[in-house]
Amino acid sequence: MSRTIAVPAGIFLACTILTSSTPFAASQSALEQKFDAAVQPEQMGAWLKQLAAEPNHLGSPHDRENAETVLAWFQQWGWDAHIETFDVLYPTPISETLEMVAPRRFKVDLDEPAIRGDSSSTAKERGLPPYVAYQGDGDATGELIYVNYGMKDDYTMLERMGVDIKGKIVIARYGSGWRGLKPKLAQDHGAIGCIIYSDPADDGYSLDAVYPDGPARPAKGVQRGSVVDMPLYAGDPLTPGVGATKDAKRLDRSQAPDLLKIPTLPISYADAQVLLSALEGNVVPAAWRGALPITYRVGPGPARVRIAVKSDWSLKTTYNVIATLKGSTYPDQWIVRGNHRDGWVFGATDPLSGQVVMLQEAKILGEFVRTGWRPKRTIIYASWDGEEPGLLGSTEWAETHAMELKKKAVIYINSDSNMRGFLDVGGSHDFEHFVNQVAADVMDPETNVTVGERRRAKQRIDALEPAAKEPAKEIARIAADPKRDFYIDALGSGSDYSAFLEHLGLPALDVGYADEGNSDGVYHSRYDTYEHHSRWVDPGFVYAAVLAKTTGRMVLRLADADLPVRRASNFAEAIGRYLKEVQKLAKDKREEAERQAKLLSDRSFQLAADPTKTSGVPTALKRVPKFDLSPLEKASLRLTKSARAYDVAFAKNATRLDTKSRVRLQALMQTIDQTLAPQVWLTGRPWYKNLIYAPGRFTGYGVKTLPGVREGIEDQRFEDVNRYAKLIADALSAYSARLDQATAVLSGH
Ligand SMILES: [Zn+2]
């Protein structure tokens with residue numbers, strides 16, 4: 001999965017900066033130079049070509065073959081490796097029908113034809129047809145309605161247009177929020193079927209020439225994907241919270257709460273144009289127009305469509321490859337690094353561009369071991385299967401080994417699709433400074449400055465855009481100050497870090513390069529191939545090499561550092577920003593509800609509507625009460641103080657600690673992030689235990705920081721707000737208390 005998502009950042013919070021606090025020995029630097037010299041772009045290219053030669057979705061013969069191949073490579077490189085399997089619910093289509101039955105007949109062929117010069121035309125296996133996994137099987141016929149992106153705001157607008165969704169089939173365009181929410185919201189509003197298509201305004205010819213003449217989505221390209229209700233929980237739908245081992249207790253499929261009930265299919269814009277141009281009714285609001293050469297209308301009808309899907313719901317086997325290099329000094333402290341291996345069809349960019357980088361690192365680490373080096377900590381590399389349907393391989397593994405991971409894992413480092421461009425990194429903010437240090441030591445091959453400098457330049461230039469908002473300007477101000485660390489993003493979901501970060505509460509980083517190479521146009525289609533990747537996404541595998549140097553350095557430094565690498569002030573600052581954001585959100589929502597109440601009472605919606613067209617009024621928003629965020633404000637202040645004291649004591653004394661104190665310090669800091677995921681959870685979704693970072697209930701991949709409070713306000717669950725303000729405050733206080741203990745060790749108390 002994994003598509004870059006813009007994350008709202010916050011407001012500037014002043015903080016004294018400390019000098020670099022984690023000294024790396026000269027031998028470390030020499031080791032990293034050796035690592036860089038061993039990176040071979042051509043080799044990564046050759047691996048990618050081999051792994052992407054046939055369709056490799058979960059359950060396919062080539063996916064299994066790739067697992068065996070990757071296993072053999074790890075073993076050949078000196079790793080202790082094995083395949084660990086899980087049995088998961090994963091539906092694949094048996095039959096799919098989508099046709100317009102009125103005002104004229106038109107059958108959608110649901111096929112992606114071969115493209116000249118691309119390997120997709122020569123592969124032996126066809127792979128799966130376009131479909132979305134975990135939609136609800138069924139056979140429905142009804143009037144068609146266009147619902148724009150099919151997100152919450154769009155349904156509010158439909159109310160104002162006086163359009164009823166009940167018993168209809170909706171057609172939504174991709175974009176604006178996660179795919180899986182489109183059929184879910186349609187279903188919640190009474191729709192009986194859902195069609196999702198890629199509009200060329202967001203994904204197609206208005207962005208660039210289409211493949212093979214350019215990177216953009218061709219007319220018959222279709223985005224597949226998962227529509228499981230992942231914001232509820234990740235992993236196998238039948239075994240929430242526990243590993244899907246052979247003898248695991250499983251839910252009956254009818255009881256799995258994250259499965260959709262209505263049939264849903266994805267289609268191309270070539271086919272969508274035929275359906276959309278058959279709609280009548282209101283012309284859409286300006287913001288709803290796509291780039292097809294038609295007048296966009298809402299409907300409903302007179303177009304009527306039939307959608308029918310039947311799937312094979314048998315359990316399928318996931319093949320995770322798990323490889324270990326045992327640590328010499330701290331064998332029970334683990335650095336875990338992963339990338340998924342399964343794609344939707346050939347999966348060249350998503351995920352193999354990241355998979356081959358991980359393999360490159362593993363090969364070099366293996367060579368190091370052969371020539372006498374041993375990591376101090378244990379390093380575990382994981383080639384995940386079944387990520388695309390729902391983070392299945394990584395989640396089941398994390399759930400199965402939960403107790404051991406909580407005791408031993410120092411961090412989880414993830415990557416996924418990788419392309420030419422700028423460093424794109426998100427994760428736990430106490431590792432923000434560590435990320436900055438690594439980014440200051442990796443060179444960008446296109447500009448010969450460090451990838452950190454280049455990222456800062458990009459952030460500063462992006463803020464000049466006329467549409468740039470305050471968060472982007474704030475990011476630019478920080479980036480302009482070389483004494484400050486550039487911000488890393490907060491993580492939501494959409495790749496394999498989710499179970500580690502959000503279910504187990506371990507710190508995580510997600511690292512890649514993006515923005516120059518273009519893979520969006522073939523995302524989850526049959527055209528995400530070796531040919532497309534090596535031509536349009538990362539020619540020469542140059543940025544595969546840059547990513548290997550970045551994540552390779554992270555692994556080497558974390559494996560060998562005798563002292564914790566966290567800088568607590570960065571985390572405290574992030575919390576300060578998020579707190580300001582939710583305070584502003586509460587104020588804005590209160591004003592919005594008051595404004596709407598007035599518009600409803602003086603009948604402004606009716607008076608502003610064109611009486612020759614259908615219209616309606618929006619559902620009244622709840623009045624927003626006064627919230628008590630004071631526990632959170634106090635906890636944030638305490639965290640700022642404790643963090644500063646820790647960072648100062650660390651800079652002053654860390655390198656002078658005796659062995660006993662150093663071991664004590666390591667132990668205190670190793671599990672500190674888990675204080676943020678106590679045994680409480682988010683309302684209605686107990687799988688999500690991290691109280692700081694979560695994917696939004698109604699954004700899917702997009703992150704919601706301080707989710708209990710933020711979503712309480714956004715989703716009008718006002719009774720939750722004060723409760724979670726207190727719960728988050730308690731978690732932050734536990735984090736601060738742990739820091740205070742570490743500071744005492746550093747100060748010799
Ligand atoms: Zn992916």
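Reader: Phe627 and Phe718, are they buried or exposed?
Author: Phe627 is buried and Phe718 is buried as well. Buried means under 20% relative accessible area, exposed means over 50%, and partly exposed is in between, with a 1.4 Å probe and protein chains only.

Reader: Where do these numbers come from?
Author: This is a predicted model, in which local features need pLDDT of at least 70 and side-chain atom pairs count only at pLDDT 80 or more, while totals for chains, interfaces and linings use all residues. Residues are numbered from 1 along each chain as its sequence is written, and side-chain values use heavy atoms, with hydrogens and water left out.

Reader: How many aromatic pairs are there?
Author: The count comes to 25 aromatic pairs. Rings of Phe, Tyr and Trp (its six-membered ring) pair if their centres lie within 6.5 Å; planes under 30 degrees apart are stacked, over 60 edge-to-face, the rest tilted.

Reader: And which type do Phe627 and Phe718 form?
Author: Phe627 and Phe718 make a tilted pair, 5.8 Å centre to centre with 50° between the planes.

Reader: Why does that pair tie parts together?
Author: Phe627 is in the loop between helix H18 (604–608) and helix H19 (630–653), and Phe718 is in helix H22 (residues 718–746), so the pair ties together parts 91 residues apart in sequence. Helices (H or I, at least four residues) and strands (E, at least two) are DSSP runs numbered from the N terminus.

Reader: What about Trp687 and Tyr688?
Author: Their ring centres are 4.9 Å apart and their planes stand at 80°, so Trp687 and Tyr688 form an edge-to-face pair. Trp687 and Tyr688 are both buried.

Reader: Which residue lies over the face of Tyr688?
Author: Arg685 does, at 5.2 Å from the ring centre of Tyr688. The rule wants NZ of Lys or CZ of Arg within 6 Å of the ring centre and within 35 degrees of the ring normal. Lys152 lies over the face of Phe698 too, at 4.2 Å from that ring centre.

Reader: Which rings are linked into a cluster?
Author: Ring pairs join Trp47, Trp73, Phe74, Trp77, Trp79 and Tyr381 into a cluster.

Reader: New topic. How many helices and strands does the chain have?
Author: The protein chain has 22 helices and 18 strands.

Reader: What does the C-alpha trace span along its principal axes?
Author: The trace of the protein chain spans about 80 × 65 × 55 Å.

Reader: And how many of the residues count as buried?
Author: Of the 749 residues in the protein chain, 61% count as buried. Phe627, where you started, is one of the buried residues.
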